[in-house]
Amino acid sequence: MDVINKTFVKEFILLGLSGYPKLEIIYFAPILVMYLVILIGNSVLIVACIFNSCLHTPMYFFLGNLSLLDICYTSSSVPSTLVSLITKKRNISFSGCTVQMFFGFAMGSTECFLLSMVAFDHYVAICNPLRYPIIMSKVVYVLMASGSWLSDGINSVVQTSLAMQLPFCGNNIINHFTCEILAVLKLACADISLNIVTLAVSNMAFLVLPLLVIFFSYMFILYTILRMNSATGRRKAFSTCSAHLTAVIIFYGTIFIMYAKPKSQGLPGEDKLQTSDKLISLFYGVVTPMLNPIIYSLRNKDVKAAMKYLLSCKAVNHKTK
């Protein structure tokens, strides 16, 4: 019985910015506004992709999936973060932490796959336009997206299960805004070698491999664009890719800053460094999903035209009533 009491944890405490109460008040309003923009912007993009026949193409199908993913990802963590910022309620149940970890891990790796699929779609459209309808048929792109959701979901189940079955010996204070898997693993009072190995394999398969697909797709795209004789064709090709490249740079750039920089343990000013780590993580969790619909709509004539069409239809229906 003593062993069980020492290892079982009923809830976790998310520290967030508890050491900086003034910052908590300052950050509440911007995060709330950004979350509302995420919900509205991504919902509008999904509706446009569903109801406008001009957007029934592989690229917009993947963008609709990305928008749904961003809504799911932020809704699993941002509401609890907002509650903790305004009410100082920092506890989260063991099951709640498990669900939050699952969605955070699954949505992050799924986004990597979906971004690589958009890059591959651009590659086929620009480098093999005549074969595009065959290569990117409806069956193919639906299977690609479905396989991404399924494989990343299974991977997240494995990683979350391995992390949450570890003994924590009563240590339940997470120095983070959310139940991020690395922050939770730091609490374990047992060997986490298996977790580290499986995370490394997972990162290679679900993070590095999609990045390689994106990289080589755009190398071939660049080679094809430079060989085009038409300046108009080159501009159109660059315009098609620019929005996606911007989203990729923001997404992978933030991940690189979060995980590739030196850790703060044992360094002078450790507390300030850990606070900056958490703020970068917050940027990744809120700002990136907010920017995605803005980037894709502002840089894409088809999306802007679809949104104008939907708004005009609503206006006409309202007048007829």
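This report describes a sheet, a helix, a set of aromatic pairs and a cavity in a predicted model.

## Basis

The model is predicted, so local features need pLDDT of at least 70 and side-chain atom pairs count only at pLDDT 80 or more, while totals for chains, interfaces and linings use all residues. Residues are numbered from 1 along each chain as its sequence is written, and side-chain values use heavy atoms, with hydrogens and water left out.

## The sheet

Helices (H or I, at least four residues) and strands (E, at least two) are DSSP runs, numbered from the N terminus. An open sheet is formed by 3 strands in the order E2-E1-E3, with mixed pairing. Its edge strands, E2 (91-93) and E3 (173-174), each pair on one side only. Two strands pair if DSSP finds at least two bridges between them. Strand E1 (residues 11-14) runs antiparallel to E2 and is joined to E2 by 3 bridges. Glu11 has Ser93 in E2 as its bridge partner.

## Aromatic pairs

The structure holds 11 aromatic pairs. Rings of Phe, Tyr and Trp (its six-membered ring) pair if their centres lie within 6.5 Å; planes under 30 degrees apart count as stacked, over 60 as edge-to-face and the rest as tilted. The ring centres of Phe12 and Phe168 are 5.5 Å apart and the planes stand at 90°, so this pair is edge-to-face. Because Phe12 lies in strand E1 and Phe168 in the loop between helix H7 (138-164) and E3, the pair ties together parts that are 156 residues apart in sequence. Phe12 and Phe168 are both buried, where buried means under 20% relative accessible area, exposed over 50% and partly exposed in between (1.4 Å probe, protein chains only). Ring pairs link Phe12, Phe94 and Phe168 into a cluster.

## Helix H4

Helix H4 (residues 78-87) has Val78, Thr81, Leu82, Ser84 and Leu85 buried. Seen down the axis of H4, these buried residues fall within an arc of 165°, so they line one face of the helix. The arc is that of the directions from the helix axis to the C-beta atoms. After H4 comes Lys88, with a positive phi near 65°.

## The cavity

On a 1 Å grid over the protein atoms alone, a cavity is a set of points where a 1.4 Å probe fits but cannot get out; lining residues have an atom within 4 Å of a point. The lining of the largest cavity includes Leu69, Tyr73, Met107 and Phe251. Helix H3 (58-75), helix H5 (94-127) and helix H11 (270-298) are the elements that give two or more residues to this lining.

Key:
On a 1 Å grid over the protein atoms alone, a cavity is a set of points where a 1.4 Å probe fits but cannot get out, and a pocket is an open set with protein on both sides within 12 Å along at least five of seven lines; lining residues have an atom within 4 Å of a point.
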